[in-house]
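Please open the structure in a viewer and keep the selection tool at hand. Each stop of this tour names what to select and then describes what is there.

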Amino acid sequence: MSEEILKQYDSQLSTLEAFRIKVEALIEELAQHAGLNVHSVTSRLKTRSSLAEKCRRDGKLYNRFDEITDIVGLRLITYFDDDVDKVAQLIRKEFLVDDIKSVDKRKHDPDRFGYSSLHYICSLTPTRASLTEYARFRSSVFELQIRSILQHSWAEIEHDIGYKSAVG
């Protein structure tokens, strides 16, 4: 089944890249218009090799391309923890958020210091998808990670420590 998923990825690559660029610019503009002072908005498109690895990973079985919700990924970094919730409100107002697939990793263990982030799986609202410039992205989804700069720094440290200990 992963070969079929990779074929779909290959055939949709240019659309996925255009969607990534469009959504990143839109989120930056929406945050600015709402008066939210954010540190950064970045995005990435999952590489083919990363997607292939994800399809092979133990414990996960993907039957269809549209089951994978993080092929287009964005990260919005705020300056303060309180701003994460303000951004979340804005995103809920401007996009469809899949509450079943989204997760608030800030609420898992309040006594443990560590990775903390809000992960939303989003798609365009019908109103936005009806606009000419967004119509071809009607069925596209993206993962948006929202976290403060302190949470982001900790995530980077955890990643580097985990990666270096796994390699070395």
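The tour goes from the whole chain to single residues.

**The whole chain**

This is a predicted model, in which local features need pLDDT of at least 70 and side-chain atom pairs count only at pLDDT 80 or more, while totals for chains, interfaces and linings use all residues. Residues are numbered from 1 along each chain as its sequence is written, and side-chain values use heavy atoms, with hydrogens and water left out.

Begin with the cartoon view of the chain, which has 5 helices and 6 strands. Helices (H or I, at least four residues) and strands (E, at least two) are DSSP runs, numbered from the N terminus. In that direction the elements run α-β-α-β-α-β-β-β-α-β-α. Of the 168 residues in the chain, 43% are buried; buried means under 20% relative accessible area, exposed over 50%, and partly exposed in between (1.4 Å probe, protein chains only).

**Strand E6 and its partners**

Select strand E6 (residues 141–148). How many of its 8 residues are buried? The number is 7, and E6 is thus described as mostly covered.

Two strands pair if DSSP finds at least two bridges between them. Now select Leu 144 in E6: Leu 74 stands opposite it, and Tyr 120 stands opposite it as well.

**His 119 in strand E5**

Stay with E5 and select His 119, which is placed in this strand. Is His 119 buried or exposed? With a relative accessible area of 6%, His 119 is buried. Its side chain makes a polar contact with the side chain of Glu 143 at 3.3 Å. A polar contact is a pair of N or O atoms within 3.5 Å; within protein, one must be able to donate a hydrogen and the other to accept it, and residues adjacent in sequence count only if both atoms are side-chain atoms. Leaving aside residues up to four places away in sequence, His 119 touches Ser 102, Val 103, Lys 105, Glu 143, Leu 144 and Gln 145, where contact means heavy atoms within 4.5 Å.

**The aromatic rings**

Select Phe 19, Phe 95, Phe 137 and Phe 142, which form one aromatic cluster. A search of the whole structure finds 3 aromatic pairs. The ring centres of Phe 19 and Phe 137 are 5.3 Å apart and the planes stand at 40 degrees, so this pair is tilted. Rings of Phe, Tyr and Trp (its six-membered ring) pair if their centres lie within 6.5 Å; planes under 30 degrees apart count as stacked, over 60 as edge-to-face and the rest as tilted.

Phe 19 belongs to helix H1 (residues 2–33) and Phe 137 to the loop between helix H4 (126–129) and strand E6, so the pair ties together parts 118 residues apart in sequence. Both Phe 19 and Phe 137 are buried.

**Charges over a ring**

Finally, select Tyr 134. The charged end of Lys 22 sits over the ring of Tyr 134, 5.4 Å from its centre, and the charged end of Arg 128 sits over that ring at 5.8 Å from its centre. A charge sits over a ring if NZ of Lys or CZ of Arg is within 6 Å of the ring centre and within 35 degrees of the ring normal.
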